[in-house]
Amino acid sequence: MYLTPLQTLAIILAVAAGTQITRWLPFWMFPENKEPPAVVTYLGRVLPAAVMGLLVVYCLKNVTWTAAPHGIPELLAILAVVLLHRWRGNVLLSIAGGTALYMALVQLVFA
Amino acid sequence: MQIPINAIGNWRTQWSRLGEKPNQLAALKAAFPATVPVMTGYFCLGMAYGLLMEANGYGPLWSTLMSAIGFGGSMQYVAITLLVTAFDPLQAFLLAIMVNARHIFYGLSMLDKYKGLGKVRPFLIYVLSDETFSLVSTLEPPKGVARKDFYFWISLLDYSYWVGATALGGLLGKFITFDTTGLDFALTALFVVLFLEQWKKKENRPAGIIGIACAAASLAVFGAENLVISAMVLILAVLLGGRKRLCT
């Protein structure tokens, strides 16, 4: 533990508060008898795909592309996830397979 | 002769009272199979989370507490980085809002379905995760099962899987001695898979490309530290700017 127990608890509560605001906000903004504006409905439809793209990039944000191993383990493992998912369409298999390959690459090949 | 008749009468009354209760059982029976994919996914990622927390010096008590109160898969992973640097709860709070901003749109989609559900409604909103949202927004309860009960069991089961798997990962973490380097790639893989699931629908593809392009541009210009906020702003701007083109 890097933080004290009290600091850790504060981080947990801060994470919970931030997370809960995002879950409750629409229900506060648009009470049960209100219809959301058209622009909000539009964003609700297109944002999920965009957010997934953002999250993939977010996970790769600390990869150093200019120095060895140039993000090769990440790209190979992502390729494996894509191929596995196209082949079987099984979420768990795709995730487990890609993660196993990545662990093998960073621990054994590019160690 | 009176006693048996009364007994039958009592038995019948009790049976019909039970007849109201089995709706809960029927709701559970309808909800459980739908949550099995989530159980397997959460088992993997929740265990990995418990293990990662353990590897960073935070035992099962802390990881389970975070899962039970914080309950937000990806944000909990992000929060590990916040637990191993200088104490900054404001950053944790703001980052939780940014990382989980997508929840706002889950809520918008569930405004109608979560209308008038009474006492369980706050719980349903509290635990509205990506996976629970995908189920409750897609599935309809079978006949004889109340919407409220169906949503409640899906939400409760998913929540329990996550908290349970975290505890298991944290507890087993002490006995697992293998190298966990790279285990956190499970999260990247999850988002890649969810991206692919979005990609299946052609109308989602422009938004998916916009998300990746805007995030990559933000990363290049503003750096890893400011990625989430700058990318959210950029994505919103492009999506709103291209609304007429994307609205097909």
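Let me begin with a term: a residue is called buried if 20 or more other C-beta atoms lie within 10 Å of its own. Please keep in mind throughout that what we are looking at is a predicted model.

With that term in hand, let us turn to helix α11 of chain B, which covers residues 205-222, and whose 18 residues reach 25 Å from the first C-alpha to the last, close to the 26 Å expected at 1.5 Å a residue. Which residues of α11(B) are buried? They are Ala207(B), Gly208(B), Ile210(B), Gly211(B), Ile212(B), Cys214(B), Ala215(B), Ser218(B) and Leu219(B). What covers these buried residues includes α10, α12 and α13 of chain B, together with α2 of chain A. Just after α11(B) comes Gly223(B), which takes a positive phi of about 80°.

Now to the contact between the two chains, which takes 61 residues from chain A and 75 residues from chain B. On the side of chain A that touches chain B, the helices α1, α2, α3 and α4 of chain A each supply at least two residues, and α1(A) gives the most, with 19 residues. By class, the residues on that side of chain A divide into 44 nonpolar, 14 polar and three charged.

Finally, consider a pair of helices within chain B, where α3, residues 60-70, and α4, residues 73-83, pack at an angle of about 135°, with their axes 10 Å apart. That angle makes α3(B) oblique to α4(B), and α3(B) passes α4(B) in a right-handed crossing. Met66(B), Ser67(B) and Gly70(B) of α3(B) make the contact with Met75(B), Gln76(B) and Ala79(B) of α4(B), a set with three nonpolar, three polar and no charged residues.

Note on methods. Residues numbered from 1 in each chain as written. Chains lettered and ligands numbered in written order. Predicted model: local features only at pLDDT ≥ 70, side-chain atom pairs only at ≥ 80, totals over all residues. Axes fitted to C-alpha atoms, helices over the stretch in contact; angles between N-to-C directions. Helix = DSSP H or I, 4+ residues; strand = E, 2+ residues; numbered from the N terminus. Parallel < 35°, antiparallel > 145°, perpendicular 65-115°, else oblique. Left-handed = near helix turned anticlockwise from the far one by under 90°. Contact = placed C-beta atoms within 7 Å. Nonpolar A, V, L, I, M, F, W, Y, C, P; charged D, E, K, R; others polar. Expected span 1.5 Å × (residues − 1). Buried ≥ 20, exposed ≤ 12 C-beta atoms within 10 Å, placed from the backbone.
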